[in-house]
Amino acid sequence: MSTRRRACALALLTALTAGASPATQLFDAATRTVQTRYFGWSTVDRQQLGAKYGALLAEKCAPQGDACDYATGRAVLGDLFKELGDDHTNIRDAEGAERIAEVTFNRAVNRTGVRVARVRGGLLVTSVMPDSPAARADVRRFDLLTTVNGEAAGKDAEDQNLPVGPTEFVRLERAGSPLRVTVHRAGGADRDLTLSTEKLLARDAPTLAWAGPDGKTAVIQYPTFLSSDASELFLARLAEAQARGAKAVVVDVRYNGGGSLGECVAAASTFGPVLYKTRWQGGSYTYGGLRGEEVLPFLARAAKPTWNLWPGPLAVLVGPNTASCAEVFTHYARQAGAIVVGEKTRGVGNSGVVFQPMPDGGVLAVTVLRAYSDGDEPLPAFITPDVSAPTDIGVLSNEGRDTTLEAALTALSALATRARTRG
């Protein structure tokens, strides 16, 4: 057999072998879905992209043949989606899919009651569920967990990931065993705690706190729009704030990654009528929101801007972890007069996704719709704050000061001063 014929036979054998592998099954399922269903803002040629990374996958899988695993397929797909340039379209393994389902369907799971984000120096506690094991152990929002079960957590001084991140933390929680953590809080010595777990809802509910010189600024931390009662829970906290005499409201969505469009439209309509138009392959739909509820679009169109549940001073806190539906919420809150404070958001607020099951038990989040105003103007992909005030983790963990919230309170105070002057 000639050298050329041997090379062709080897290439054919490699392709056939790789084609039977778990990696290729996953790659084919994901790329086929993206080819047929994607309707985002990326202009990259998806067929060329699929061919390019298909060849790369075949090369990576050649030594293993039909044993080439799902992890290899996910790695190549991750690079493909980076080049696609749409952060909304991504692949998640079976564990990631389970985490989404837990929150979406309000499942009861083993939890300590905290939600964490990876930052330099540890895992930042971004929320604490009331009456949870963590709350009873006096763990508070913005505490820093520097070690978990004896291993370093978060990021090091060079921003490199340390062994325990949010994924590992949740994995340990779900196992149901107590977690040994070191807690750092500004103004005190580090504490070693053992946090037990118990069956709690996977999703976090909005919480209400108070701030400002007179303690009359309501701060509602809004962690997710994933659950089906996300807007209802937010309205309950807002009603509580009003009943207790709030003079201003701050909504904190710095660590809110999004969720249901219907829920974020309903929540945003607390501050004024909302019309959110979507387009997908072959169709369109307009979401309407009014006074905290999702309504038919003609009702929102007919409503006056003053038809709202909160007409007073309003600020929204945002950051790099504010994404998707949380960006939509912020956009409409700003249209109703909110001051947006913080950092530029992630940048996927002008599109929407569906989750497609994959052969490995994971899911593909694929962008299937584009977002527009009622006047057919594309919605902004990201939110640039009116007041730039990054959350300084060093100041937060060493001095106990939330620089973003402080900037919002200053902006609201200035707004109140101007209103009194005009009055």
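Trainee: Which residue of β14 is the bridge partner of W280?
Mentor: First, a word of care: this is a predicted model, in which local features need pLDDT of at least 70 and side-chain atom pairs count only at pLDDT 80 or more, while totals for chains, interfaces and linings use all residues. Residues are numbered from 1 along each chain as its sequence is written, and side-chain values use heavy atoms, with hydrogens and water left out. Strands here are DSSP runs of E with at least two residues, and helices are runs of H or I with at least four, numbered from the N terminus. As for W280, its bridge partner in β14 is G283.

Trainee: How many bridges join β13 to β14?
Mentor: Two strands pair if DSSP finds at least two bridges between them. Strand β13 covers residues 274–280, and β14 covers residues 283–290. They run antiparallel, and the number of bridges joining them is seven.

Trainee: Which residue in that hairpin takes a positive phi?
Mentor: The hairpin of β13 and β14 has two residues between the strands. The positive phi there is near 85°, and the residue that takes it is G282.

Trainee: Where does F39 lie, and which residues does it touch?
Mentor: F39 lies in the loop between α2 and α3. Contact means heavy atoms within 4.5 Å. Not counting residues up to four places away in sequence, F39 touches R279, W280, Q281, T367, V368, L369 and R370.

Trainee: Is β7 largely enclosed or exposed, and why?
Mentor: Buried means under 20% relative accessible area, exposed over 50%, and partly exposed in between, with a 1.4 Å probe and protein chains only. In β7 (residues 179–184), five of the six residues are buried, so the strand is largely enclosed by the rest of the structure.

Trainee: Which residue of β8 is the bridge partner of V181?
Mentor: β7 pairs with β5 (residues 144–148) in the antiparallel sense over four bridges, and there V181 is the partner of V148. β7 also pairs with β8 (residues 191–195), again antiparallel, over five bridges. In β8, the partner of V181 is L193.
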